Amino acid sequence: MAGNVDSQLSPLKRFGRELARCRKEVGWSQRRLSDRIGCSPSLVGHIEVGSRNPQLDFSMACDRLFGLSDENHFVRLYRRIHQSSSGPGWFLRWLEEIEPGATVLRIWAPFLVPGLLQTEDYARAVFLGRFSTPEAEVEEQVASRMQRQEILNRDNPPEMRVLLDEWVLNRPIGDKKVMYEQLSHLLAVAKRRHVTVQLVPYDTACTDGLSSAFVIAELTDAPTTVSVDSAGKGEVSEENDLVTQILDRYDRLSTEAYRPGESLEKIKEAVERWNSRI
């Protein structure tokens with residue numbers, strides 16, 4: 001059933017066009033397909049026009065319903081989307097296996113508000129600032145980042161402990177309104193029961209975190225795994241020595257951080273400062 005699609009389309013648009021083609025070939029409406037998959041008709045519509053990222057279980061269901069399970073057509077298209085919009089190949093394992101299954105996420109963010117806590121406009125400004133990223137891919141990357149945040153809204157969200165460099169509150173990403181809305185969102189999320197945000201003072205003597213951002217994921221059925229960013233290539237690993245090193249780095253930074261209540265007050269003050277500038 002799978003046919004050729006325009007090779008000039010982005011992976012996200014290609015998935016949507018293939019979904020619409022296969023659906024129409026079997027004579028189904030968007031509602032009938034959504035009923036069989038177990039999602040809303042609007043989600044099917046958004047995916048078909050390329051405004052929402054499909055998830056792995058959605059892609060697998062499409063292959064099964066359209067009789068494509070042997071060739072994994074939609075799963076392959078899904079993987080191309082994430083290779084294009086979510087980062088290089090090394091990050092796919094983190095996106096598909098580690099982050100969604102984590103029970104605890106410890107995050108150190110020295111330069112930006114971390115992706116799981118970004119607003120859409122802030123994320124867009126981040127991607128637009130990467131001049132090596134074609135503008136045509138920016139919206140796909142933003143959509144992918146917003147989709148990842150759904151793990152925070154599920155019934156059993158991971159416990160999230162975020163260490164954020166204090167300078168991030170003052171670093172302008174996008175315009176003043178973008179910063180006001182981003183920090184307002186950060187303040188709201190930081191008040192959730194499963195989220196703790198602590199600021200590390202800009203004048204701390206601890207330099208352990210200045211080289212890179214990182215995330216530590218604890219899982220129930222797999223070893224603790226880390227994702228470490230770098231200027232060239234990131235790394236996802238459960239190798240014991242690296243995990244121990246990153247855990248130690250996190251602990252050192254946390255001893256320098258303001259208490260959660262103090263951090264919330266400083267974020268609130270930053271929200272008010274940015275609001276006064278609009």
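Start by selecting Arg 106, which sits in strand S1, residues 102–109 (strands are DSSP runs of E, at least two residues, and helices are runs of H or I, at least four, both numbered from the N terminus). You're in a predicted model, where local features need pLDDT of at least 70 and side-chain atom pairs count only at 80 or more, while totals for chains, interfaces and linings use all residues. Residues are numbered from 1 along each chain as its sequence is written, and side-chain values use heavy atoms, leaving out hydrogens and water.

Is Arg 106 buried or exposed? Arg 106 is buried, at 14% relative accessible area (buried is under 20%, exposed over 50%, partly exposed in between, with a 1.4 Å probe and protein chains only).

Now show what Arg 106 touches beyond four places in sequence: Arg 161, Phe 214, Val 215, Ile 216, Glu 218 and Tyr 250 (contact means heavy atoms within 4.5 Å). Zoom in on Glu 218: its side chain makes a polar contact with that of Arg 106, at 2.3 Å (a pair of N or O atoms within 3.5 Å, one able to donate a hydrogen and the other to accept it; residues adjacent in sequence count only if both atoms are side-chain atoms).

Next, pick helix H11 and look at Ser 263, Ile 267, Ala 270, Val 271 and Trp 274, which are buried. They cover an arc of only 105 degrees around the axis, so they lie on the same side of H11 (the arc is taken from the directions from the helix axis to the C-beta atoms).

Last, colour by pLDDT, the predictor's confidence in each residue, from 0 to 100. The chain averages 87, but residues 84–88 stay under 50.
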